[in-house]
Amino acid sequence: MLSDADLIALWDGGESDRMDFKESANRLDDIREYVCAFANDLPGHGLPGVLFIGVRNNGSCAGLTVTDDLLNRLSNIRDGSILPLPTIRVSRRILKSCEVVVLEVEPAELPPVRWKGRTWVRVGTTNQIATRDDERRLIERRRAGDRTFDHHPAPGATLDDLDLTLFLREYLPSAVAPEVIEENQRPIELKLKSLRFLYDGGVPNYGAILVLGKDPRQFVPSAYVQFLRLDGTDLQAPIKNQKEIDGPIPDLLRQLDDLLKVNIQTSSDIHSGIREIRQSDYPLVALQQLAVNAVMHRNYETSNAPVKIYWFSDRIEISNPGGLYGGLTPESVELGATDYRNPLLAEAMKNLGYVQRFGMGIPTAKAAMEKNSNPPPMFTFTENYTLVTLMAAQ
């Protein structure tokens, strides 16, 4: 976080490609443009971009009252419409006898950053949609040393290992605004590269293999879900159904969704001889959210174990390789905190519509379980795996 002295120096220097003033935060979409542009750091400062909210264009105090609600709304602009997720800090400050909100945006490690499919950059004192040359500069600036596993090139992989029809038909329209696609006639290699799926030399990374690969398990053996339905309460019970689900992420998640739907059982209860109340043993939305989380957050790098969904007669156990990542704790996870072992995969799943808003998967599942009269999900975290247990509704 920048010091008061650093902020005042920026303020006194006037609006620039690293700083701007806004009188209010009435239009959050305007703020998102700033966040995207500062995160892309086209000038290459390598320093946080700063937006002072509560200051007029001429640098005078606008008399803004900074409330907790305003700070919360600004903090929540990281809702997944800006990808990859930027690092921001929002704080209330008293500077030059003026109450302001200071929004600091760190330069992205893996640009370009897009808001609703558009790449915004800072040119002088304005925010503008990036040109082709701007995007090329951003792509070349990525920090190779900080790549997560899904950003690492997959040795031996080529464009022939990707389903390019799937990319053009399904992924590209979900990730980039339609008018941008229409204007952009670049070769498919550059389109893949601009979406962080391809690196120099034309080698796809593991994220591309997982999302678009013709056979992801050829390069990532653990890229599948093991489903097991048992007629009892332990692993010695008779097997009712078993299946391995694999393929590129869009196909894998569609198959998984269909499998969950056909295994949910619904009972009917007639009240007063007129009203029929139907209740499922598990709410579908809870299973969907937790299964997607398992696929998204699992450790693909050092484990060959699959995501496992074991459906017993009294409970469902969903487990995935990989314990808590980054600075997460068991308490923070249940409250919706997030950190990303696989940020490119998380971005792809958000673009494809399998994640509505980052950080809401577990709270959404918990709310659905409560509404369906199920006990709350139970979480177990170890160094090597994560397990969530769902008990059937009684």
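**Close-up 1. The salt bridge between Glu99 and Arg92.** The side chains of Glu99 and Arg92 meet in a salt bridge, with 2.6 Å from N to O. Glu99 is buried, with a relative accessible area of 19%, whereas Arg92 is partly exposed at 46%. Buried denotes a relative accessible area under 20%, exposed over 50%, and partly exposed in between, computed with a 1.4 Å probe on protein chains only. A salt bridge is defined as a side-chain nitrogen of Lys or Arg within 4 Å of a carboxyl oxygen of Asp or Glu. The structure is a predicted model, in which local features need pLDDT of at least 70 and side-chain atom pairs count only at pLDDT 80 or more, while totals for chains, interfaces and linings use all residues. Residues are numbered from 1 along each chain as its sequence is written, and side-chain values use heavy atoms, with hydrogens and water left out.

**Close-up 2. The salt bridge between Asp20 and Arg122.** The closest N and O atoms of Asp20 and Arg122 are 2.7 Å apart in this salt bridge. The pair links distant parts of the chain, 102 residues apart: Asp20 belongs to strand S1 (residues 19–22) and Arg122 to strand S7 (residues 118–123). Helices (H or I, at least four residues) and strands (E, at least two) are DSSP runs, numbered from the N terminus. Both Asp20 and Arg122 are buried.

**Close-up 3. The salt bridge between Arg217 and Asp246.** Arg217 forms a salt bridge with Asp246, and their closest N and O atoms lie 3.1 Å apart. Arg217 is in the loop between helix H8 (206–212) and strand S11 (225–230), and Asp246 in the loop between strand S12 (239–245) and helix H9 (249–263), so that distant parts of the chain, 29 residues apart, are linked. Arg217 is partly exposed, with a relative accessible area of 26%, and Asp246 is likewise partly exposed, at 29%. Elsewhere, salt bridges that share partners join Asp4, Arg89, Arg93, Glu104 and Glu106 into one network. The structure has 21 salt bridges in total.

**Close-up 4. The open sheet of strands S3, S6, S7 and S8.** Four strands form an open sheet in the order S3-S6-S7-S8, with antiparallel pairing. Two strands are taken to pair if DSSP finds at least two bridges between them. Strand S3 (82–83) and strand S8 (126–129) stand at the edges; each has a single partner strand, so one side of each lacks a neighbour in the sheet. S7 and S8 run antiparallel and are joined by four bridges. Val123 stands opposite Thr126 in S8. Helix H2 (residues 28–40) packs on the sheet and touches S3, strand S6 (114–115), S7 and S8, contact meaning heavy atoms within 4.5 Å. The direction of H2 makes about 75° with that of S7; axes are lines fitted to C-alpha atoms, for helices over the stretch in contact, and angles run from 0 to 180 degrees between N-to-C directions.

**Close-up 5. The disulfide between Cys61 and Cys98.** One disulfide is found in a search of the whole structure, a disulfide being a pair of cysteine sulfur atoms within 2.5 Å. This disulfide joins Cys61 to Cys98, with 2.2 Å from S to S. The torsion about the S-S bond is about 80°, so the disulfide is right-handed. Cys61 lies in the loop between strand S2 (49–53) and helix H3 (68–75), and Cys98 in strand S5 (residues 98–105); the pair therefore ties together parts 37 residues apart in sequence. Cys61 is partly exposed at 33% relative accessibility, whereas Cys98 is buried at 1%.
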